[in-house]
Amino acid sequence: MDLDCGRCWKSSKESWKTIMLLAYQSLGVVYGDLSISPLYVYESTFAEDIQHSETNEEIYGVLSFVFWTLTLVPLFKYVFIVLRADDNGEGGTFALYSLICRHVKVSLLPNRQVADEELSTYKLEHPPENKNTSKFKTLLERHKRLHTALLILVLLGTCMVIGDGLLTPAISDAVVPITCFILVCLFALQHYGTHRIGFLFAPVVLTWLLCISALGLYNILHWNPHVYQALSPYYMFKFLRKTRMGGWMSLGGVLLCITGSEAMFADLGHFSYTAIQIAFTFLVYPALILAYMGQAAYLSKHHHIRNQISFYHSVPESVRWPVLVLAILASVVGSQAIISGTFSIINQSQSLGCFPRVKVVHTSDKIHGQIYIPEINWMLMILCIAVTIGFRDIKHMGNASGLAVMTVMLVTTCLTSLVIILCWHKPPILSLCFLLFFGSIELLYFSASLTKFAEGAWLPILLALFLMTIMFVWHYASIKKYEFDLHNKVSLEWLLALGPSLGIARVPGIGVVFTDLISGIPANFSRFVTNLPAFHRILVFVCLKSVPVPHVPPAERYLVGRVGPSSHRSYRCIVRYGYRDVHQDVDSFEAELVDRLAEFIHLDWTERNTIGSCVKDDCPSSSGSVSSECRWAVIGKVSITGAPAYDLGESPGPASVSLGIPSIESSADVIEMEPVVVVKKNVRFALDDVSESDSRTEIEKQMREELGDLLAAQQSGTAFILGQSHVRAKQGSSVLKRLAINFGYNFLRRNCRGQDVALKVPPASLLEVGMVYVV
């Protein structure tokens, strides 16, 4: 996959053709939910709490509320402010969270490294910090409870987005069996990818938007050309003054006009800021305003329709059936925005350690971020059909959807206000104004929808609590496992002391030990050696690590270093992934790992030769002993799929090793790192034509010998050593913790994808070491 294309809208190759194509695709993916809101806004608003009267104060007041809500929230808040708070082109709740985590140390994951800050996607251009920003930053970093509260806030917003995805398809006037059949077809199409679905559904949404625009314009001109006067904010005041408590409670129906706005930000990574901005500003927004004005114009002249207000009343009878069919299609397409957003959110959640491992498939070779998750897709389908069958009252569905929407928007407002002060380094008063202005609007709607708890609003709350429990338990147990490994890791001296004198044998082959640790020897390896007193000639400790960035370029993914002296033939490899990266992006992890090790060995010995250092096997620490891993190198690759990084020829003997490593260009810089100081440098090398005089030097002989050992070990076979963990709450823990750890986490771990599946480890090469974690 071409990751560079993921940021095509910010590259020099940007063209209006590409932008307009993405804008067209976004209609079928992003705006389906938002565009169908005219079907049920007026019906939900006038359901019980208020009634339409001959003075038209109610309908004018509702129209004024709808106009200013659409203008202030989707247009001003999202299109012009929130969409700019992207994380390297990615949007959504977790994108805001990762952006904050990079600027402030609030992440609960304890595996942060200085090397991560050298990633090209990690660095941000921003103004210097001011005094107030530094104080607020220090306050957040100091209190651990604030870190947990921030994570819970993020999880709440994430779960509500998923909850909205279950409710959106059910808000339809279609016959239930037909709706269920169309839903099955919709979810069956997801594996074709967002870009293909966008092309398929975009004509439906485009036709629907043009249809409601034409109907709205017709109703305005035919029934009440002066309805534009209702756009004045004064009518909102008149509405609340007349209806009082009933008017406030009816706002739970008005807020449905912005249902789906969050999808603009959640699906940002599928398209681009410019494309989404153009589509909404010049097509979706005007079409929706005309549709609502047209309905209000019709109702202002039809006062007899008081108890049963419907969108279809304002549709001329001659075109009512075609509009009904188009509305049914548009209603089903509306769920596509939430489905795509849910895929993105689940992928981000599991990458940041907040969701069990699931299979993630990239569906586009050109646009990074367009993904499909089979397990989540079919679960969503089943739940959507259950909700569609179980809820048939549009009022109750509107109450449930409204509460979910406003919760997500409140969370986004809170996180964006933190981004304004912590990441953009704007004055705190600006962040506070943003929070108070948009937060007060959303709190007004949230309070109105919360009063409908017993009338359907309980559903998203129940679903959010269930999903939050899963996410928080998984995240909590993952952190406790890491802390257990950290406290029980074995010293490097213990590893180096293992040898024939202790009855430990080194067998041919490569041993790949998976661990979450970024330093030290994991306890599961010591248990492995204790039960089987032998380990492989080449030993590699591999850590798969998530970094709070959208994606890590392939050229910067592998961080390789030695464990002990070079004669020990032990290495550590940290494989870094962003929260939008797919881990199953290589055909053979074994071959990829060997390539990176060969490049590191060549780079390491070449560097020794270049600086004229003496040939020593040790890497001295501050105390002069071999007790730490001293030097790392970022080893990159030119492409994910391509020719092997080196060719060792047909003769595998150590004396006939021939390397042909591709040059590393500017996009794949090699970063040399001492324990504290980080120095970047470009390295270009090839070893095909090594002269006889160079091969006589001691350094080059040792390099050839080490490369030969690597080749021989690869041909002998590779064993993948994974810890088969069982987590148990320690004695004296509360009942809640024992239930969460002993039953909840272990159930999720047994039923999610294993690490061996994610890395495509051959079952015949897998060795599992049982470990009991007491947390």
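R569 is found in the loop between β5 (558-562) and β6 (570-577), where helices (H or I, at least four residues) and strands (E, at least two) are DSSP runs numbered from the N terminus. The phi of R569 is near 60°, a positive value in a residue other than glycine. At 6% relative accessibility, R569 counts as buried, the term buried denoting under 20% relative accessible area, exposed over 50% and partly exposed in between (1.4 Å probe, protein chains only). The structure is a predicted model, in which local features need pLDDT of at least 70 and side-chain atom pairs count only at pLDDT 80 or more, while totals for chains, interfaces and linings use all residues. Residues are numbered from 1 along each chain as its sequence is written, and side-chain values use heavy atoms, with hydrogens and water left out.

Most residues other than glycine have a negative phi, and most peptide bonds are trans. A positive phi of about 55° is also found at H425, which is not a glycine. H425 is placed in the loop between α16 (394-422) and α17 and is buried, with a relative accessible area of 7%. Just after α10, R244 likewise takes a positive phi of about 55°.

The protein contains 25 helices and 11 strands. Of its 775 residues, 59% count as buried. Among contacts (heavy atoms within 4.5 Å) between residues at least 6 apart in sequence, 84% join residues at least 24 apart. V104 lies in the loop between α5 (93-103) and α6 (131-142) and is buried, with a relative accessible area of 0%. When residues up to four places away in sequence are not counted, V104 touches R112, K137, L140, E141 and L422.

Two packed helices are described by the angle between their axes and the distance between the axes. Here, axes are lines fitted to C-alpha atoms, for helices over the stretch in contact, and angles run from 0 to 180 degrees between N-to-C directions. Helix α7 (residues 144-167) packs with helix α18 (residues 458-487) at an angle of about 135°, the axes being 8 Å apart. That angle makes α7 oblique to α18; angles under 35 degrees count as roughly parallel, over 145 as roughly antiparallel, 65 to 115 as roughly perpendicular and the rest as oblique. The crossing of α7 and α18 is right-handed, a crossing being left-handed if the near helix is turned anticlockwise from the far one by less than a right angle, and right-handed if clockwise. Residues of α7 that meet α18 include L151, L155, C159 and L166, and those contributed by α18 include L463, L467, M471 and F472. By class, the contact of α7 with α18 has 18 nonpolar, 4 polar and no charged residues. In this scheme Ala, Val, Leu, Ile, Met, Phe, Trp, Tyr, Cys and Pro count as nonpolar, Asp, Glu, Lys and Arg as charged, and the others, Gly among them, as polar.

Helix α4 and helix α13 (residues 273-299) pack at an angle of about 180°, with axes 10 Å apart, which makes α4 roughly antiparallel to α13. On the α4 side the contact includes I59, L63, F67, L70 and P74, and on the α13 side Y273, F280, L288, Y292 and A296 are among the residues involved. The contact of α4 with α13 comprises 17 nonpolar, 3 polar and no charged residues.

Helix α4 (57-79) is also included in what covers the buried residues of α10, as is α11 (245-254). In α10 (residues 234-243), Y235, M236, K238, F239 and T243 are buried. These residues cover an arc of only 165° around the axis, which puts them on the same side of α10, the arc being that of the directions from the helix axis to the C-beta atoms. The axes of α10 and α11 are 5 Å apart, at an angle of about 120°, so α10 is oblique to α11. F239, L240 and T243 in α10 meet M245, G246, G247, W248 and S250 in α11, a contact with 4 nonpolar, 4 polar and no charged residues.

Helix α11 is mostly covered, with 7 of its 10 residues buried, namely G246, G247, S250, L251, G252, G253 and V254. What covers them includes α3 (41-45), α4, α10 and α17 (428-450).
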